[in-house]
There are 2 protein chains.
Amino acid sequence: MENFTFQNETKIIFGKETELLVGKETTDYLDTEKLGKNILLHYGSGSIKKSGLYDKVIKSLKEANLNVIELGGVVPNPRLSLVKEGIKLCREKEIDFILAVGGGSVIDSAKAISAGVHFDGDVWQLFETMEPIEKGVPIGVILTIPAAGSESSWTSVVTNEEKKRKLHFRSPWIRPKFAIMNPELNFTLPNYQTSCGASDMLAHVMERYFTNTKNVDFTDELCEATMRTIIRNTPLTLKNPKDYNPRAELMWASTIAHNGLLNTGREGDWSSHMIEHELSAMYDIAHGAGLAIVFPAWMKYVYKHDIQRFVQFAVKVMGVNKNIDPNEINLEETALAGISALEQWFKDIKMPVKLSEININESKFEEMSELCAKDSTVGCFVKLNKDDVTEIFKLAL
Amino acid sequence: MENFTFQNETKIIFGKETELLVGKETTDYLDTEKLGKNILLHYGSGSIKKSGLYDKVIKSLKEANLNVIELGGVVPNPRLSLVKEGIKLCREKEIDFILAVGGGSVIDSAKAISAGVHFDGDVWQLFETMEPIEKGVPIGVILTIPAAGSESSWTSVVTNEEKKRKLHFRSPWIRPKFAIMNPELNFTLPNYQTSCGASDMLAHVMERYFTNTKNVDFTDELCEATMRTIIRNTPLTLKNPKDYNPRAELMWASTIAHNGLLNTGREGDWSSHMIEHELSAMYDIAHGAGLAIVFPAWMKYVYKHDIQRFVQFAVKVMGVNKNIDPNEINLEETALAGISALEQWFKDIKMPVKLSEININESKFEEMSELCAKDSTVGCFVKLNKDDVTEIFKLAL
């Protein structure tokens, strides 16, 4: 195990009807920090208006005597242009607090705004250089899509639509102060979006699971527990979208998958995320769908680097050969069967597992690999150069 | 799953040589909060002086220009009298921060002092009535014994030695701001103390695991992962006390066992803890040893209440009948085999599993049961009245 620091102070308010607490939670926070009452309400394309959530939130905020300024219009793979608009608005209206109501894209957009308000330069510079910021506008969240784990993470991923680049920034200043999570708000999600979310959260754990760090027994156990929970509850949710119980399991698992606990004391990999970011920046595909394509291809490319770890994944997570004496197991066969089982699970939840399924061909492979690995490498489990990335794209065809 | 709120802001600083960071961590905290530099250094019977930890801590604090006032002498089952002395000292010396260096007893004593300083009445009143406090003196921790999970919990357990009562108090004000955890500091622990710690941390998970709340798939998985980690790594540690790796697994598991995560959305039981508190208040035995005796007896008394949950514990945690088709399993037999396996594990790590082994007979059973269950009941999984508690004591004879 490596030395580590772990702190995650996001207050999670989880369960039925918790969105009604948003006015009080925001006020409590503002009062404790002696801040003003100007709130930027940040949201997406308007599905929160159709579902009635918007009205409930506005009512709760107004009852708490908060001044609400609105900025909607966040799209999946959130755009830098809207972030800049948000920064301008926050400065003009002297915003004290940003309330993000939506999924990971809305939250990531809010985080980028938060980081940019007190930063003198172009906010995109933060994403390019990861330079530390001195301050951020505090953020609260009402989560409507369990997926990105952004509700309690310290990262933001934003797309520069002009440059076709999708980059991430991280800072303790942009970690949400509270996250309100009501699984009932997920009842109306289309199955495709539920599956994309499940793919994303599973990928967050897998990025941490495939590590070169030795002696990580406890976090291995926690990762496996979280992955099994996601794998078991996603199909149940797809079958009965309005069943509270599997929705609740998935929603809580998605937060833990990315709140920092599962990588305590271990190095993560993250190359599949980096590779997928090139795909979704270039083709504007859903992040979760991209991960379902990239991850199995990455696994096939690297599994020989530590076959024992892939066997552990196969047996303990995917349930392959789990009743066979570990000494009798064929390592190669079991590792590959684990990858196949994962691929089959993605298919079962109606995720694409090949680029060809979403009409992407090899024409941009070189360009994307170049952007991804530049003059350096991506990933930690196996350090991949741009030729490796191209090979992984080819395996994903 | 029940609605829940979860927030744990304790900063964990984990790994080799992390104790050397204490001066800087304390100063960073004090500066952020604009507090003064007066530190109460609280510790136990002097083992930190023998081990050299005391000198390192003093050096680090002095280098950070902090004014150190000392209060040693905390004993296991920490005493109210020393807490009162600490409160007086904090008031006289205008203490800004309490640094607890030791195990759960030292931390719990520090928490009680923290709670009492700004409280007008007798601090014992807080433990008797659990009334909320308005403020506490902030606390930092260097943990030397993984066991109680007090380093990131919001509870304190203190013994009123005159009244022979051991009670707990909880408040967000007494949750430590940081916890420095170096597994190397556990290398010199006697095996008996390591085992008592392991028993305590396992019990913390079991108290959460045996629940009546339905649909708790994810937290069941996390609880089972944590219990297996403790069960596997304790014997390894006892065999090689200076092996960093199993020490590190145990130490991190002990924190997670009691930081609030594992009971998110589920009701815990806690009757074994309540019953054990009567034992250790009356006989001044080690808490972990008391739990190794009480827990199996409690299990034998209540398992029929939800045999399926005890079967799940047997199979998934203790590994009983794990390769048998669940439909073919004999429930009663498996549940009991799980309890036996737990009892055997306690024996293997040299914990007592019977009161007779530590020379306690039935003479005080009635008195302790009366104190424990008073006019009401203890526990949630099964609500136990005082006669039930007496029966459990008898099963533990």
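**Why do we call it that?**

User: What makes A:Ile275 count as buried?

Analyst: A:Ile275 has 28 other C-beta atoms within 10 Å. Buried takes 20 or more other C-beta atoms within 10 Å of a residue's own, exposed takes 12 or fewer, and partly exposed is in between, with C-beta atoms placed from the backbone. So A:Ile275, with its 28, is buried. By the way, this is a predicted model, where local features need pLDDT of at least 70 and side-chain atom pairs count only at pLDDT 80 or more, while totals for chains, interfaces and linings use all residues. Residues are numbered from 1 along each chain as its sequence is written, and chains are lettered from A and ligands numbered from 1 in the order in which they are written.

User: Which helix is A:Ile275 in, and which residues does it touch?

Analyst: A:Ile275 sits in helix H10 (residues 271-283) of chain A; helices are DSSP runs of H or I with at least four residues, strands are runs of E with at least two, and both are numbered from the N terminus. Not counting residues up to four places away in sequence, A:Ile275 touches A:Val294, A:Cys372, A:Val389 and A:Ile392. Contact here asks for C-beta atoms, placed from the backbone, within 7 Å.

User: Why say the copies meet through the same surface?

Analyst: Because 100% of chain A's interface residues are also interface residues in chain B.

User: What makes E2(B) largely enclosed?

Analyst: 4 of the 5 residues of E2(B) are buried, so the rest of the structure largely encloses this strand.

User: How do you know that E2(B) pairs with E3(B) and E4(B)?

Analyst: Pairing needs at least two DSSP bridges between the strands. E2(B) has 5 bridges to strand E3 (residues 67-71) of chain B, running parallel, and 4 to E4(B), also parallel. So both pairings pass the cut-off. Take B:Leu41: its bridge partner in E3(B) is B:Glu70, and in E4(B) B:Leu99.

Key: Contact = placed C-beta atoms within 7 Å.
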